[in-house]
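Hello,

Here is the structure I promised to pass on to you. Please open it beside this email and follow along as you read.

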Amino acid sequence: MATRPDDGERVLATLRRHIEGRRTVVAAVDERVDRLAGLLSDFVLDGGKRMRPRFALAGWAASRPDAGPAPEEVVTACAALELIQACALVHDDIVDASDTRRGRPTVHRAIESAHRRDGWDGDAARYGVSQAILVGDLALSWADEMFVTSGVDPAALGRALGPWHAMKTEVLSGQMLDILAEASGATDEQTPARVNRFKTAAYTVERPLHIGAELAGATDETVATLREFGVAVGQAFQLRDDLLGVFGDPEVTGKPSGDDLREGKRTLLLARAMTLAPGEDARFLAGVLGTEPDGPTLERARAVLVDSGAVASVETEIEELTARALDAIASEAISAHGRDMLRDLAEAATRRRA
């Protein structure tokens with residue numbers, strides 16, 4: 001396993017305790033609002049890979065010579081990353097107008113459906129979006145609170161706050177650039193590469209590792225090594241996501257097949273195909289973006305991505321990035337048990353099917 005056998009359950013348990021505690025405050029305001037908070041609770045506790053807490057705990061372990069489990073306060077601080085993820089996903093689904101996440105209705109669609117079911121006044125879709133924005137904001141607030149009240153040593157918390165704050169700014173900036181790229185019709189490779197670097201790599205792998213290392217009191221050399229590993233794995237993670245967004249099995253990914261094409265995502269996979277494909281195929285691919293392609297159209301778009309060599313090129317880049325990451329941690333700055341955890345996590349992040 002990528003983390004110690006009980007780490008996933010420990011992360012889940014501390015998330016459950018924190019969310020239940022915060023919901024008592026919400027319930028004191030109004031039980032109807034608590035039902036909305038319940039959607040956040042279900043979203044966090046009933047799914048997800050816990051990738052960010054797992055990387056943070058690996059960063060902590062990689063920075064320590066002993067192989068003992070992380071203390072409860074460190075698990076709590078690392079688990080707070082899952083609430084940041086919840087905020088990002090709830091808001092991302094609104095931005096992308098997504099109907100499903102993990103095979104279920106997205107939060108804004110679930111709230112919209114409840115509005116229609118109960119026959120309330122006003123526009124159901126707008127109500128769903130408005131409340132889901134606030135649900136995402138609530139997750140962000142709870143994340144900050146969980147992190148700073150985790151009980152870790154104040155000096156360790158002070159060190160970790162730097163990457164914690166930087167991570168939030170980076171992921172929001174990356175998301176803003178992603179939306180800008182879609183609206184402006186960007187087709188260059190530099191823009192999606194920058195989005196991958198800050199919206200995904202920093203937030204998913206690099207900064208969680210950095211946070212875990214700072215909680216452990218890591219040396220500068222260890223922090224630098226972990227961040228080098230994190231950037232490479234994080235970029236490979238996003239490239240795998242780009243492939244799954246077009247070729248993934250809906251039964252596994254929980255999202256419709258070809259969703260990235262429907263949403264008009266300006267991914268590096270797409271940019272590379274636009275460069276490599278013959279003019280007619282490139283124009284066809286551009287015309288599919290942001291539409292609702294039927295089956296034959298979707299299959300032709302996939303064929304362009306494959307036949308142009310874009311898919312093979314991205315697969316090669318994933319392998320190269322993963323190799324670079326594993327080379328980085330072949331260093332005495334990383335503990336042996338931490339290195340094993342990082343290798344397993346790199347495998348899980350870059351070879352996943354969902």
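First, some ground rules. This is a predicted model, in which local features need pLDDT of at least 70 and side-chain atom pairs count only at pLDDT 80 or more, while totals for chains, interfaces and linings use all residues. Residues are numbered from 1 along each chain as its sequence is written, and side-chain values use heavy atoms, with hydrogens and water left out.

**Pockets**

Rolling a probe the size of a water molecule over the atoms shows where empty space is left. Here the search runs on a 1 Å grid over the protein atoms alone: a pocket is an open set of points with protein on both sides within 12 Å along at least five of seven lines, a cavity is a set of points where a 1.4 Å probe fits but cannot get out, and lining residues have an atom within 4 Å of a point. Points are joined across faces, edges and corners, and a volume is the space filled by probe spheres set on them.

The largest pocket has a volume of about 1,200 Å³. Its lining is made of 49 residues, and Gln85, Leu89, Asp92, Arg101 and Asp241 are the ones nearest its centre. Which helix gives the most to this lining? It is H4, with nine residues. Other helices that supply at least two residues each include H3 (51–62), H8 (190–215) and H9 (220–247). (Helices are DSSP runs of H or I with at least four residues, strands are runs of E with at least two, and both are numbered from the N terminus.) By class, the lining of the largest pocket has 17 nonpolar, 11 polar and 21 charged residues. In this scheme Ala, Val, Leu, Ile, Met, Phe, Trp, Tyr, Cys and Pro are nonpolar, Asp, Glu, Lys and Arg are charged, and the others, Gly among them, are polar.

The second largest pocket holds about 330 Å³ of space. Of the 13 residues lining this pocket, Arg32, Arg35, Leu36, Ala114 and Trp120 lie nearest its centre. Helix H2 (31–45), helix H5 (107–117) and H6 each give two or more residues to that lining, and H2 gives the most, with five. The classes here are eight nonpolar, one polar and four charged.

Helices H11 (259–263) and H12 (268–276) are the elements that give two or more residues to it. Six of the lining residues are nonpolar, one is polar and two are charged.

**Rings**

The structure holds two aromatic pairs. Rings of Phe, Tyr and Trp (its six-membered ring) pair if their centres lie within 6.5 Å; planes under 30 degrees apart count as stacked, over 60 as edge-to-face and the rest as tilted. Tryptophan 120 and tyrosine 127 have ring centres 5.7 Å apart and planes at 85°, so this pair is edge-to-face. Phenylalanine 147 and tryptophan 164 have centres 4.0 Å apart and planes at 5°, so they are stacked. Phenylalanine 147 lies in H6 (residues 124–148) and tryptophan 164 in H7 (residues 154–184), so the pair ties together parts that are 17 residues apart in sequence.

**Aspartate 93**

One more residue to look up is aspartate 93, in helix H4. With 1% relative accessibility, aspartate 93 counts as buried. Leaving out residues up to four places away in sequence, aspartate 93 touches Ser98, Arg101, Thr106, His108 and Lys255, where contact means heavy atoms within 4.5 Å.

Happy exploring!

Definitions and conventions
Buried means under 20% relative accessible area, exposed over 50%, partly exposed in between (1.4 Å probe, protein chains only).
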